[in-house]
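Look at the structure below.

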Amino acid sequence: MSRSVNSLQITQSRRSFLQAGFLTLGGLGLGDLLRLRTAAASPAKSTPDTSVILIWLQGGPSHMETYDLKPDAPVEYRGEFNPIHTEVPGMDICEMLPLHAKVADRFTIIRSISHGFANHAGGAGRFLSGRDPLRPLDPIAQFPTIGPIVSRMRDHVNNGIPNYIGNQPRVYGGGSAYLGESALPFVVGADPNRSNFQVPNITMDEKLKNRLDDRMLLLTSFDQMRRDLDQSGSLESMDQFNRRALEMLTSDRARNAFDMTQESDATREKYGRHKWGQRALLARRLVEAGSSFVTMQMQNPSTPGSAGNWDIHAVNGHLYDDMRGRLPIFDRAVSALIEDIYERGLDEKVMVIVSGEFGRTPRINPQKGTRSKVMQPGRDHWPGAMSVLVSGGGMKMGQVIGSTTANGAYAKDNKLDPNDLLSTVYRFLGIDQNHEFLDHSGRPMPILPKGKPIVELT
């Protein structure tokens, strides 16, 4: 028998043994065990102990009804709401955000970011990736957005909890593109406000857990066999999912982070006993436990008259009726998160970003509502001006960066690009924005093609 035939038979025997052995080791599947790599096997890297919470307002919130009111503009621009003073002199915000006003010294509003994509998918892709989308109407980004990039760049960080967590697989217009699906978030889709909230697959039977050391020793002894089997690299993409799955199965940190019952009733009430408030609270728990990037989408507030997400065209809903139901919930959730981050001493470690993909048209566009059948006010898509809230990150808070024109149409002072915000975030996370990945055609692509950290925040 030839040497090559012997090698083939040995390889086949190893494969059969691995499949039979691992599939019977206490009930964990082959994928849960075969491709585990411990973090110690990764090259040593220096990564700051920092995290980001992105509160994503899908649909595009109106800057004119939240953080950039224009009370002196003509009535067809200024709308129905009035501005109120905050703890920060000169920073006036919407009267529907009184809890924001009390913690304004702990956040900064950026009013001068803009870009050129006025549809949801293209706007989100542009804002979150730093690149012009190739197909602006495609709901899946053609370039990796910030969450997947952080996931990939911090893959070596082993905190016993996923590095990237979201309440949906991707935001509309976002995605991992050429980084692959293993860079997508660990998804927590359930409503954390429900009494039966739980996250599947983060606990294991105690008897099974007690046998983990034996299985890990077996994995180590089979490491060379695994390399023989994986000459093509076909198992590589599964490594990411399966390593994280086993880490969570054996991690008290992950189990505790998702356990909302560990929070007091007073804290949960402070955030608001609704899915937006409890998602914000869960986000704080996850970054406190060591997750690098958490995206929580605040849409579909389930309030009377709500249009669902923040896309309040007149045909979708009455802008001001919608905001009267939506903003108090939003106000409580975001202000509680900011206050909690500071009171728990996390403000140097955690950066909070609140944004959507763009703002809304400065001029109100009344139309007949699809449901109401009557004329009602609304605003349309507008990337020429938007407001972004930033908090924590060891940065300078209690300020307004930039301004817009008198009618809220365009950035006027200190014009900024979404890339400048992304550059700020990457620096905070210790990620080199010039690091290159290969796209599907093999071209090296830097994380950001342009952008500089926002100096006013440093």
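Asn 300 is partly exposed, at 37% relative accessibility. Partly exposed lies between buried, under 20% relative accessible area, and exposed, over 50% (1.4 Å probe, protein chains only). The model is predicted: local features need pLDDT of at least 70, side-chain atom pairs count only at pLDDT 80 or more, and totals for chains, interfaces and linings use all residues. Residues are numbered from 1 along each chain as its sequence is written, and side-chain values use heavy atoms, without hydrogens and water.

**Positive phi angles**

- Most residues other than glycine have a negative phi.
- Asn 300 is not a glycine, yet its phi is positive, about 50°.
- Asn 300 sits in the loop between β7 (293-297) and α14 (319-343).
- Helices (H or I, at least four residues) and strands (E, at least two) are DSSP runs, numbered from the N terminus.
- Ala 177 also is not a glycine and has a positive phi of about 50°.
- Ala 177 lies in the loop between β5 (164-166) and β6 (186-187).
- Ala 177 is partly exposed, with a relative accessible area of 22%.

**A buried glycine**

- Gly 130 is found in the loop between α5 (120-129) and α6 (146-153).
- Gly 130 has a relative accessible area of 4%, so it counts as buried.
- Which residues does Gly 130 contact, leaving aside its neighbours within four places in sequence? They are Gly 125, Asn 419, Leu 422, Leu 448 and Pro 449. Contact means heavy atoms within 4.5 Å.
- Gly 130 and Leu 448 are 318 residues apart in sequence, but their C-alpha atoms are 6.1 Å apart in space.
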